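My entries follow in the order I made them.

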Amino acid sequence: MTTVAAIDCGTNSIRLLISDVAVHDGDEVGLLDLERRMEIVRLGQGVDRTGAFAPEALERTFEALRTYAKLMREHGVPFDAEHVRMVATSATRDAANREEFTSGVREIIGVEPEVISGEEEAGLSFVGATAELEAEEEGGGHPRPYLVVDIGGGSTEFVLGHARDGEGAEGVVRAARSVDIGCVRMTERHLSADPPTAGQVAAATADIDAALDEAAQAVPIGEAATVVCVAGTATTVAGIALDLPEYDSERIHLTRVTAERTGQIARELLSMPHERRAELGVMHPGRVDVIGAGALILDRVLARTGADSFYAGEHDILDGIVWGLCLGLSDPSGAAGE
C-alpha cells in the first residue's frame, strides 16, 4: 500500500485527489480515495487579455496549494515525483510569467507543475471518466465509443475512444483535441453584461461553434454512442436538472441529462442576473459569474454531436493522473502527442 496525490490546476479551479494504492499479485491495482478537494482560485483571471498571471491570482492559487500540502502531509504522501503529480492546463500554457507560478509550486509541494498539452489533458480525463463505464457496459448501459468532454475555464477537451481494457492502458484513445473555449474565457471575451445581452450570447455562440468546427476536424465527435461530460460546468448543470437543494456529488455522478433539458438550463442561466444564479443551491460561489458561458458551451457541444443526452462525471483528469502514478506511466491513455 502506498499513497499518492494528484493535483489539477486549471483556469478557474485547483483540485486535489489523494488515494491509497494497493497492488495485488504484482499487477492488479486497487484504489481508495482519501481526499477530494476543490478550490476556485481563478488563476486565469485576465490571462486572455493580458497574457500574464495577475499577482492576486497567483497568491490565491498558492494559498490553496498550502492547504493541499498540509493534507498531503497528514496522509503521509511523499513529496516526490513518484507519488505526486501536478498538471497545469490552459491558463498556464498562455501565461508569459509562468516561471513565477512554477517556482512557487515547487517551493510548496516539492515538484514542478507539468504544463501538459491539451491532447494529453484530454487523454487523462478520458481514463478517469470512463474507468467505471467499462464494467457497466456489459449490462448495456453505456455503449461504445465514448466521447469525453472536459469543459474548463480556458479550454475544452474532446477525446473519443474506448474505456480501459483491464490489462493496461494501451489503445484506448482514437482521437483527442483541445480548443480554446472555456467558461472563463467566453465570459471575459463576450458576456460582460448582467445578464448578457442577446448580441453577446450570439457572439459567444459563434465563437464556440467555430471552435467546435476545429475540434471536429480532428475528432469524429458525431460517432459517439455515449457522451460523458466532466468538470464543474457539467456537474452543476446536472445538479440543476436534478433540482438538488445543495451540491451532492454522489447523486450527480453519472446522472443522465437530456439535450433538451440542457438547452433549457443554458437559456435560463443566461437570462438570470448574478444574484439569481447565486441563489441556486448547487451553485459554487466561484462559478456564479461563468456558469452561463459553460452551460452554453455544453449545449452547443450536444447540438454538434447530435447526442440526445450526456452523463455528468465526477471522475475526471484527477483519476487519470492517479492511474498514471499507479501504473508508472506519464500518460495512461496513450493520447500524448496525438
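I looked up Ala 231 and found it buried, because its relative accessible area is 18% and buried means under 20%, exposed over 50% and partly exposed in between, with a 1.4 Å probe and protein chains only. Ala 231 is not a glycine, yet its phi is positive, about 85°. I place Ala 231 in the loop between strand 9 (226-230) and helix 8; helices (H or I, at least four residues) and strands (E, at least two) are DSSP runs numbered from the N terminus.

I note that this is a predicted model, in which local features need pLDDT of at least 70 and side-chain atom pairs count only at pLDDT 80 or more, while totals for chains, interfaces and linings use all residues. Residues are numbered from 1 along each chain as its sequence is written, and side-chain values use heavy atoms, with hydrogens and water left out.

Asp 243 also has a positive phi, near 55°, and is not a glycine. I find Asp 243 in the loop between helix 8 and helix 9. Is Asp 243 buried or exposed? Asp 243 counts as exposed, because its relative accessibility is 65%.

Next I went through the peptide bonds. Most residues other than glycine have a negative phi, and most peptide bonds are trans. I recorded a cis bond between Arg 144 and Pro 145, with omega about -10°. Pro 145 sits in the loop between helix 5 (118-137) and strand 6. I recorded another cis bond between Asp 194 and Pro 195, with omega about -5°. Pro 195 is in the loop between helix 6 (183-189) and helix 7 (198-218).

I then turned to the cores. A nonpolar core is a set of buried Ala, Val, Leu, Ile, Met, Phe, Trp, Tyr and Cys residues joined through side-chain atoms within 4.5 Å. The largest one has 48 residues, and Leu 147, Val 149, Phe 158, Val 227, Leu 269 and Phe 310 touch the most other members. Helix 12 (residues 291-305) gives the largest share of this core, eight residues. Another core, of 28 residues, lies apart from it and includes Cys 9, Tyr 68, Ala 88 and Val 105.

I listed the contacts (heavy atoms within 4.5 Å) of Phe 310, leaving aside neighbours within four places in sequence; among them are Val 227, Cys 229, Arg 256, Leu 298 and Leu 302.

How many aromatic pairs does the structure hold? I found one. Rings of Phe, Tyr and Trp (its six-membered ring) pair if their centres lie within 6.5 Å; planes under 30 degrees apart count as stacked, over 60 as edge-to-face and the rest as tilted. Phe 53 is in the loop between helix 1 (47-50) and helix 2 (55-74), and Phe 101 is in helix 4 (residues 98-109), 48 residues apart. Phe 53 is buried at 5% relative accessible area, and Phe 101 is buried at 0%.

Last, I looked at the lining of the largest pocket. I counted 40 lining residues, of which Arg 15, Met 38, Gly 232, Glu 314 and Asp 316 lie nearest the pocket's centre. Helix 8 gives the largest share of the lining, four residues.

Key. 1 Å grid on protein atoms, 1.4 Å probe; cavity = no way out; pocket = protein on both sides within 12 Å on 5 of 7 lines; lining within 4 Å.
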